[in-house]
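Colleague: I would like to learn how to read a helical model. Can you take me through it step by step?

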Amino acid sequence: LQSDRLLQLLLTDDVETGAIMVSILLGILQVNRTVLFSVEEKNVRIILDELIYKLFATSNPVIGSTSIKLMLLIAETHPPTLTILCNDYKGLCPILKQWTGRGFDKELNHLLELLYAGSTQGVSQQKFHRSACLIQAAWRAYQIRKRVKSLPKVVTTLQRSFRAKREREMQQLEKRREEEELKHLLQLRRHRALREFQQRQLSLLELVPASEVDKYLQEERERSALMIQKVWRGHSHRKDFDKRKQALKESRAAVVIQRAVLKFLKKRQNLRMCIMPWQGPTRLTDTRRLELRAKVDAYVKLHPVPQVSEERTKERHSQAQEMLGQYLMKRNLERKSEQRQEALLAQINTDIELLMNAPGLKEATEKDVEVFSSRSGPIAARARQSHNTMLQYTRGPWWKKLGDEFQDPEMIYTEDMDFDLML
């Protein structure tokens with residue numbers, strides 16, 4: 001590409017020689033696309049000038065196709081050449097557009113895109129932009145077609161809703177007209193009834209003697225006043241009852257809530273009294289001991305002991321020893337009973353803790369069942385009886401359980417149960 005002979009052959013005016021040389025250059029670049037990087041810029045400009053001249057001066061489609069393909073290959077493989085074409089050859093695009101419709105429009109359009117974009121990256125961006133526009137156009141066309149297909153349904157729905165609205169309006173107008181006609185008829189009937197009543201009153205007044213007319217009119221006024229008062233009182237009482245109805249309902253609800261809360265608090269108090277651990281007798285403090293000793297000394301001063309003989313003293317001493325022995329024996333029994341009570345309370349507290357920490361029925365195992373099962377026959381029978389009673393109570397009618405939401409299961413009596421619900 002740097003030889004002068006090759007450039008002289010390319011610059012010849014012979015059409016066949018020019019076409020052959022352009023084909024040779026196209027073949028060289030197709031075989032080795034990096035060869036232009038080793039060619040001087042001067043030789044590259046000479047080749048570009050000759051190719052543009054051939055496109056401008058000749059109308060041979062072979063030379064035009066080969067020249068456009070060669071220029072396209074040079075612009076794609078050698079970016080500096082594309083910059084030269086964009087900056088130095090401003091009128092190249094109109095010359096290239098003259099070759100439109102000669103059978104090589106694909107390469108021609110590609111070359112024009114490169115010239116307009118100025119770089120291969122710009123061409124790829126334009127291609128992406130064109131693809132995005134094409135996708136958007138296709139999507140919008142699909143949406144429009146879909147909307148056009150659904151237009152008949154929309155029109156039908158709109159017509160149906162409009163007709164239904166118009167029909168409702170006509171019905172409302174007809175109803176309003178009927179109400180007005182009914183009101184007018186009622187007013188006419190009322191006027192007619194009032195006229196007939198007045199005519200009857202006049203006919204009755206004709207029968208009444210002249211001396212008793214005032215008395216009759218006074219009675220009629222009183223009767224009318226009583227009727228007006230009765231109607232007004234009935235209206236006011238009905239109006240006040242509507243206002244008091246909500247207050248009455250709230251007071252009843254408050255009574256039910258208070259009754260339920262009192263039962264719940266009583267139940268909690270009973271449970272607390274049952275679960276509360278037993279506390280032994282409190283020991284005397286020093287201050288309390290001094291107070292008791294002072295009271296004893298004061299009592300002794302007020303009630304002095306009479307003089308007693310030695311035999312009487314020995315007898316009382318023996319009695320005191322016997323009473324002390326009896327007290328000590330009773331004290332031992334009381335201590336045993338207290339220890340037994342403490343043991344029972346400790347066992348009850350342990351059972352309560354086990355019940356509070358007991359797992360659910362879904363998570364229970366055989367070991368849990370053994371822990372909560374009792375070996376005592378009476379206790380098991382009592383538990384079974386209580387369980388059956390509770391089941392019968394829960395299966396009973398709802399009206400028998402009103403107000404007993406917080407009732408203790410032990411307070412449910414079997415006499416209140418329906419024996420038809422027995423298991």
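Modeller: We go from the overall fold to the core, then to one helix face and the salt bridges.

Modeller: One caution first: this is a predicted model.

Colleague: How many helices and strands does the chain have?

Modeller: It has 13 helices and 0 strands.

Colleague: What share of the chain's residues counts as buried?

Modeller: Of the 423 residues, 16% are buried. The accessible surface is about 34,800 Å², and carbon and sulfur atoms hold 58% of that area. Now take contacts between residues at least 6 apart in sequence: 64% of them join residues at least 24 apart.

Colleague: Which residues have the most contacts inside the largest nonpolar core?

Modeller: Leu 70, Met 71, Leu 96 and Leu 115, in a core of 31 residues. Helices H2, H3, H4, H5, H6 and H7 each supply at least two of the core residues. H4 gives the most, with 7.

Colleague: What is Leu 115 in contact with, leaving aside its neighbours within four places in sequence?

Modeller: Leu 82, Leu 85, Cys 86, Leu 92, Cys 93 and Leu 96.

Colleague: How far does H13 reach from its first C-alpha to its last?

Modeller: H13 covers residues 377-394 and reaches 26 Å, close to the 26 Å expected at 1.5 Å a residue.

Colleague: And how should I read salt bridges?

Modeller: Side chains of opposite charge can pair when their charged atoms come close. This structure holds 8 salt bridges. One of them joins Arg 177 and Glu 174, with the closest N and O atoms 2.2 Å apart. Both residues lie in helix H8, 3 residues apart, about one turn. Arg 177 is partly exposed at 38% relative accessibility, and Glu 174 is partly exposed at 34%.

Colleague: Which residues are linked with Arg 177 in a network of salt bridges?

Modeller: Glu 174 and Glu 181.

Colleague: Where do Arg 289 and Asp 286 lie?

Modeller: In helix H10, 3 residues apart, about one helical turn. Arg 289 is partly exposed at 36%, whereas Asp 286 is exposed at 57%.

Colleague: Are Glu 310 and Lys 314 buried or exposed?

Modeller: Both are exposed. They form a salt bridge with the closest N and O atoms 3.7 Å apart. Both lie in helix H11, 4 residues apart.

Definitions and conventions
Residues are numbered from 1 along each chain as its sequence is written. This is a predicted model: local features need pLDDT of at least 70, side-chain atom pairs count only at pLDDT 80 or more; totals for chains, interfaces and linings use all residues. Side-chain values use heavy atoms; hydrogens and water are left out. A nonpolar core is a set of buried Ala, Val, Leu, Ile, Met, Phe, Trp, Tyr and Cys residues joined through side-chain atoms within 4.5 Å. Buried means under 20% relative accessible area, exposed over 50%, partly exposed in between (1.4 Å probe, protein chains only). Contact means heavy atoms within 4.5 Å. Accessible areas come from the Shrake-Rupley method with a 1.4 Å probe; for residues, only the protein chains shown count as cover. The expected span of a helix is 1.5 Å times one less than its number of residues. A salt bridge is a side-chain nitrogen of Lys or Arg within 4 Å of a carboxyl oxygen of Asp or Glu.
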